[in-house]
Amino acid sequence: GPVSVGQRAEGAANWVAVELRVDRVFQVWARVRLAGLSNVLVVCGDAREAFSLCFAQGSLAEVYINFPDPAVFVRTGVSEPLLDQPFLRAVHRALRPGGVLCVCTDNPTCAEVVSLLLNECEGVGLFRPDPSKGPCASEATHAKGAVTPTPAAVRRWFSTEIPAGYGSSYFDGLWEAGSRTTRWFLRVLRGAGS
């Protein structure tokens, strides 16, 4: 789903997928059942509430957030961004020391907003850039030849290369068939701040 803890259900790790939409929860659950996996829990609900109520401090090794344009979800008819300071603080609290937060988006505005939020988070020690971050293109290419510049703030935090083995999400098919051809990938490490 848009917010999933883990991308692949392999090995001894346990995975939790949090999805707001019931139809997508069913799709994920069906794939898990058909694959015979016993280490995946699928939660239908608001990721904000899941991180605030369901995950103990330091209980997660990695958090993956995948979502398309627009970078908002709808709660009671009001669109609001998922990634904001309170949510990033909740993710920080749930990650263990050295934990990893990954974000993948095709929305350049979302990438810019997340970059600015991470600048603030870095200032108080919540997250720090991954030193192994890949390169970020200076321009984003869209369908029909449209090209837009990539802001410097985005280039600092995001890469335009999706790492091999990252996995896939419901949105991969939409990205590949849609009008956006550039995706931004972020991998940051949990800092020691609080």
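Me: Which residues does L83 touch, not counting residues up to four places away in sequence?

Reply: With those neighbours left out, L83 touches I65, F67, L88, V103, V114 and L117, where contact means heavy atoms within 4.5 Å. Residues are numbered from 1 along each chain as its sequence is written, and side-chain values use heavy atoms, with hydrogens and water left out.

Me: Why is L83 called buried?

Reply: Buried means under 20% relative accessible area, exposed means over 50%, and partly exposed is what falls in between (1.4 Å probe, protein chains only). L83 has a relative accessible area of 7%, and is therefore buried. The residue is found in the loop between strand 6 (78–81) and helix 3; helices (H or I, at least four residues) and strands (E, at least two) are DSSP runs, numbered from the N terminus.

Me: Why is Q85 counted as buried, and with what is Q85 in contact beyond its neighbours within four places in sequence?

Reply: Q85 has a relative accessible area of 18%, so it is classed as buried. Q85 lies in helix 3, and, with neighbours within four places in sequence set aside, its contacts are L117, E120 and C121.

Me: What is the label for G134, buried or partly exposed, and why?

Reply: G134 has 23% relative accessibility and so counts as partly exposed. This glycine is found in the loop between strand 8 (127–129) and strand 9 (139–141), where, leaving aside its neighbours within four places in sequence, G134 is in contact with F158 and S159.

Me: How do you know how many disulfides there are?

Reply: A disulfide is counted as a pair of cysteine sulfur atoms within 2.5 Å, and by this rule the count comes to zero. C102, for instance, is in no disulfide, since its nearest cysteine sulfur, that of C104, is 9.3 Å away. C102 has a relative accessible area of 3% and is therefore buried, whereas C44, at 43%, is partly exposed.

Me: Why is the pair of F51 and F55 called tilted?

Reply: Rings of Phe, Tyr and Trp (its six-membered ring) pair if their centres lie within 6.5 Å, and planes under 30 degrees apart count as stacked, over 60 as edge-to-face and the rest as tilted. The ring centres of F51 and F55 are 5.1 Å apart and their planes stand at 55°, so the pair is tilted. F51 is buried, with a relative accessible area of 0%, and F55 is buried too, at 10%. A search of the whole structure finds three aromatic pairs, and F51, F55 and F87 form one aromatic cluster.

Me: What makes a set of residues a nonpolar core, and which residues have the most contacts inside the largest one?

Reply: A nonpolar core is a set of buried Ala, Val, Leu, Ile, Met, Phe, Trp, Tyr and Cys residues joined through side-chain atoms within 4.5 Å. The largest such core has 35 residues, and those with the most contacts inside it are F51, I65, L101 and F127. Helix 4 gives the most to this core, with six residues. Apart from it lies another core, of seven residues, among them Y64, C102, C104 and Y166.

Me: How does the span of helix 4 compare with the expected one?

Reply: The expected span of a helix is 1.5 Å times one less than its number of residues. Helix 4 (residues 108–123) has 16 residues and reaches 23 Å from its first C-alpha to its last, close to the 22 Å expected. Within helix 4, the buried residues are C110, A111, V114, S115, L117, L118 and C121.

Me: Where does pLDDT stay under 50?

Reply: It stays under 50 over residues 1–9 and over residues 71–76. Where pLDDT is low, the predicted coordinates should not be read in detail. Over the chain, the mean pLDDT is 78, and 76% of the residues reach 70 or more.

Key:
Predicted model: local features only at pLDDT ≥ 70, side-chain atom pairs only at ≥ 80, totals over all residues. pLDDT = per-residue confidence, 0-100.
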